[in-house]
Amino acid sequence: MENIVLIGMPGAGKSTVGVVLAKVLGMNFIDSDILIQRQEGMLLKDIIEKKGLKGYLDIENQVNRDISVENTVIATGGSVIYCPEAMEHFRNIARIVYIKLSYNTIRKRLGNIKQRGVVLREGQTLLDLYCERCPLYEKYAHIIIDAEGLSVEELMDKIVKELAGK
């Protein structure tokens, strides 16, 4: 089976559902945020603080672009859609699944977004970010899954059905 790439806002459940999806489908699992942290030897928020948003996105683009795997579920960071080379690479090696949630659900789930290493420009609000990113997620996705109100199991089932074309 080909790879599956999960995209969506921070807090959408990409890493959580990705692990379960990989188990159920007998696939490997990678969290690209963890690859970035491992390569750089620091947390995402510290990379952003030290190298700035542009520096962080350059690293995120390089790490995701260089992922070379088969039969793997890849959970990405929410800002990967700002990395055209990485997204083009993913479109070539995987089915891209956008886990879509409402702004209110994302806001409730996130809590302290700075601690999570969310890429926000100076003066940008979470709502600004949500409105900016959603069209990009839709642009790159092969499959869009409305995850509103779904448990991890229900979301995983819905993704499996969509991937199977049912």
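Guide: We start with a definition: a residue is buried when its relative accessible area is under 20%, exposed when that area is over 50%, and partly exposed in between. Keep in mind that this is a predicted model.

Visitor: How does Asn61 count, buried or exposed?

Guide: Asn61 has 11% relative accessibility, which is under the cut-off, so Asn61 counts as buried. Asn61 belongs to helix α3. Its contacts, apart from neighbours within four places in sequence, are Cys83, Pro84, Glu85 and Ala86.

Visitor: Pro84 was in that list. Which residues of α3 and α4 meet?

Guide: On the α3 side they are Asn61, Asn64 and Arg65, and on the α4 side Pro84, Glu85, Ala86, His89 and Phe90.

Visitor: How is a pair of packed helices described in general?

Guide: Two values are used: the angle between the two axes and the distance between them. For α3 (residues 44-65) and α4 (residues 84-93), the axes come within 8 Å and cross at roughly 20°. That angle makes α3 roughly parallel to α4, because angles under 35 degrees count that way. The crossing in which α3 passes α4 is left-handed.

Visitor: What are the values for α1 and α7?

Guide: Their axes are 10 Å apart and the packing angle is about 55°. This makes α1 oblique to α7. α1 passes α7 in a right-handed crossing. On α1, the contact is made by Thr16, Val17, Val20, Leu21, Val24 and Leu25; on α7, by Val152, Glu153, Leu155, Met156, Ile159 and Val160.

Visitor: What does Val152 touch?

Guide: Val152 touches Thr16, Val17 and Val20, if residues up to four places away in sequence are not counted. Val152 sits in helix α7 and is partly exposed, with a relative accessible area of 35%. As for Arg65, Val152 is 87 residues from it in sequence and 28 Å from it in space, C-alpha to C-alpha.

Visitor: How many residues does helix α7 have, and what does it reach from its first C-alpha to its last?

Guide: α7 covers residues 152-163, which is 12 residues, and reaches 16 Å between those two atoms. That is close to the 16 Å expected at 1.5 Å a residue.

Visitor: Which residues of α7 are buried?

Guide: Leu155, Met156, Ile159 and Leu163 are buried in α7. They lie on the same side of the helix, because they cover an arc of only 100° around its axis. Just after α7 comes Gly165, with a positive phi of about 80°.

Visitor: Now α5. Which of its residues are buried?

Guide: Thr105, Ile106 and Leu110 are the buried residues of α5. Seen down the axis, they fall within an arc of 125°, so they line one face of α5. These buried residues pack against α6.

Visitor: At what angle do α5 and α6 pack?

Guide: Helix α5 (residues 103-110) and helix α6 (residues 126-140) pack at about 130°, and their axes are 11 Å apart. The two helices are therefore oblique to each other. Their crossing is right-handed. The contact involves Tyr103, Ile106, Arg107 and Leu110 of α5 with Leu126, Leu127 and Tyr130 of α6.

Visitor: Which residue follows α5, and is its phi positive or negative?

Guide: Gly111 follows α5, and its phi is positive, near 65°. Asn71 also has a positive phi, of about 55°, although Asn71 is not a glycine. Asn71 is in the loop between α3 and β3 (72-75) and is partly exposed, with a relative accessible area of 25%.

Note on methods: Residues are numbered from 1 along each chain as its sequence is written. This is a predicted model: local features need pLDDT of at least 70, side-chain atom pairs count only at pLDDT 80 or more; totals for chains, interfaces and linings use all residues. Side-chain values use heavy atoms; hydrogens and water are left out. Helices (H or I, at least four residues) and strands (E, at least two) are DSSP runs, numbered from the N terminus. The expected span of a helix is 1.5 Å times one less than its number of residues. Buried means under 20% relative accessible area, exposed over 50%, partly exposed in between (1.4 Å probe, protein chains only). The arc is that of the directions from the helix axis to the C-beta atoms. Axes are lines fitted to C-alpha atoms, for helices over the stretch in contact, and angles run from 0 to 180 degrees between N-to-C directions. Angles under 35 degrees count as roughly parallel, over 145 as roughly antiparallel, 65 to 115 as roughly perpendicular and the rest as oblique. A crossing is left-handed if the near helix is turned anticlockwise from the far one by less than a right angle, and right-handed if clockwise. Contact means heavy atoms within 4.5 Å.
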